[in-house]
Amino acid sequence: MAPGPADLAVEPANLFDMNRADMAAFFVGLGEKPYRAEQILKWLYHHGCTDLDAMTNLSRALRQRLAEQAGMVLPEVALHESSRDGTHKWVLRLAGGDCIEMVFIPEPDRGTLCVSSQVGCALDCSFCSTARQGFNRNLTVSEIIGQVWLAHQALEGWDRDNRVITNVVMMGMGEPLTNFDAVTRAMDLMLDDLAFGLSRKRVTLSTAGVVPALDRLAARSPVSLAVSLHAPNDELRDELVPLNRKYPIAELLAACKRYSDHGPKTHVTFEYVMIDGVNDKPEHARQLVRLLQGMPCKVNLIPFNPFPGTDYRRSPSHVIDAFRDRLMKAGIITITRRTRGDDIDAACGQLVGKVSDRSRRHLRWPAVPAAEGLRVSIT
Ligand code: SAH
């Protein structure tokens, strides 16, 4: 059958895919003044309004054009759970049917939203359950900033005096630096006063160490940086974080140094997952001290979070404490991350979503019984 006019129509532009500059260009393209972008951003991100009819500072004619030529499309909340410790987890369904997860972690002095940047992850770190899901695709700007939008909606309404989300960390599913363009545009909106208005210190990007992209990030959007180090020597890191074979530790640390010279005046945080008998021995602590000595940084020890099908175990608490003490004695600020939300599988490395794996990597791993995998069933 010949396609009808509707089949030929171009997809309307999604206003949630645009940062301020993109949106100004979009309005100029419509023959409108660029300041329309500012009006729309405020409606979307200050008032949480997606109803064109309510946007009364736009003319009726413009609203009509937007109704025809622009959409406001966000992921759909498939599930929202809260943990007994106050942690929230959402499963979000994307166009195409894949699901991602995001987590909110309240603490006395802050509220941190952990957002995903990809459907699955291509990096294949041996201790991460997202890796086992394989990789499907990058998230779009609207799918990334949409996570922050939906969490705002659920947690604080749009009352700007009741800010619950004070920090955003790009530490969910995916490697943010291999989705550079969408991630930096979405971060523009996290930082923009006309959108979420967070300071650079309160937006953190976590990377396994994509060295060339770190330099680009320093130039484009120098937010706080966390680096998943996890091992103090190349031999062990090659095994835990295979990306290390491409960008070994010395290159990564040199890039971190450049980042802190050019980036925000905050220390780089090195994340180090504590795996029993693998990377948690006194010799590893000593090597780590040698590696990081003299570098302005912090270390975050993350007790390994187990998931079905893994042979790794979490280091015992006394081992984690002894490791931390060795680093602290050498003058390295070290914090052990408290595991939050593990009763709802919301802890680090437990985010799995639902990924139609294009890498076919999941076939290498034993099948996980549905009841043990994604504990919540999404229909
Ligand atoms: N790809 C990015 C961001 C996602 S991972 C990165 O590698 O930094 C977010 C953090 O959770 C990383 O430090 C990651 O190494 C850690 N993590 C992954 N699996 C984990 C697990 N099973 N237990 C504890 N931490 C884990």
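Which residue takes a positive phi just after H11? Glycine 294 does, at about 85°. I will come back to that helix.

First, the ground rules. This is a predicted model, in which local features need pLDDT of at least 70, side-chain atom pairs count only at pLDDT 80 or more, and totals for chains, interfaces and linings use all residues. Residues are numbered from 1 along each chain as its sequence is written, and side-chain values use heavy atoms, with hydrogens and water left out.

The protein has 12 helices and 14 strands; these are DSSP runs numbered from the N terminus, helices being H or I with at least four residues and strands E with at least two. Of its 379 residues, 55% are buried, meaning under 20% relative accessible area with a 1.4 Å probe, protein chains only. Among contacts (heavy atoms within 4.5 Å) with a separation of 6 or more, 67% are between residues 24 or more positions apart.

Now the ligand. There are 20 residues around the ligand, each with a heavy atom within 4 Å of it. Those that come nearest are Phe127, Ser206, Ser228, His230 and Asn305. A backbone N or O atom of phenylalanine 127 is 2.9 Å from a ligand nitrogen. Serine 206 places a polar side-chain atom 2.6 Å from a ligand oxygen, and a backbone N or O atom of threonine 207 is 3.4 Å from an oxygen of the ligand. On its own the ligand has 530 Å² of accessible area, and the protein covers 95% of that; the areas are Shrake-Rupley values with a 1.4 Å probe. Strands E10 (203-207), E12 (268-274) and E13 (297-303) each give two or more residues to the shell.

Back to H11, residues 282-292. Its buried residues are His284, Ala285, Leu288, Val289 and Leu292. They lie on the same side of H11, because they cover an arc of only 140° around the axis, taken from the directions from the helix axis to the C-beta atoms. What do they pack against? Helices H9 (234-240), H10 (249-262) and H12 (317-329), together with E12 and E13.

Last, serine 142, in helix H6 (residues 141-156). Is serine 142 buried or exposed? Buried, because its relative accessible area is 5%. Its side chain makes a polar contact of 3.1 Å with that of threonine 140; the term means a pair of N or O atoms within 3.5 Å, and within protein one must be able to donate a hydrogen and the other to accept it, while residues adjacent in sequence count only if both atoms are side-chain atoms. Beyond its neighbours within four places in sequence, serine 142 is in contact with Asn14, Phe16, Asp17, Val73, Leu74 and Pro75.

Methods. Buried means under 20% relative accessible area, exposed over 50%, partly exposed in between (1.4 Å probe, protein chains only).
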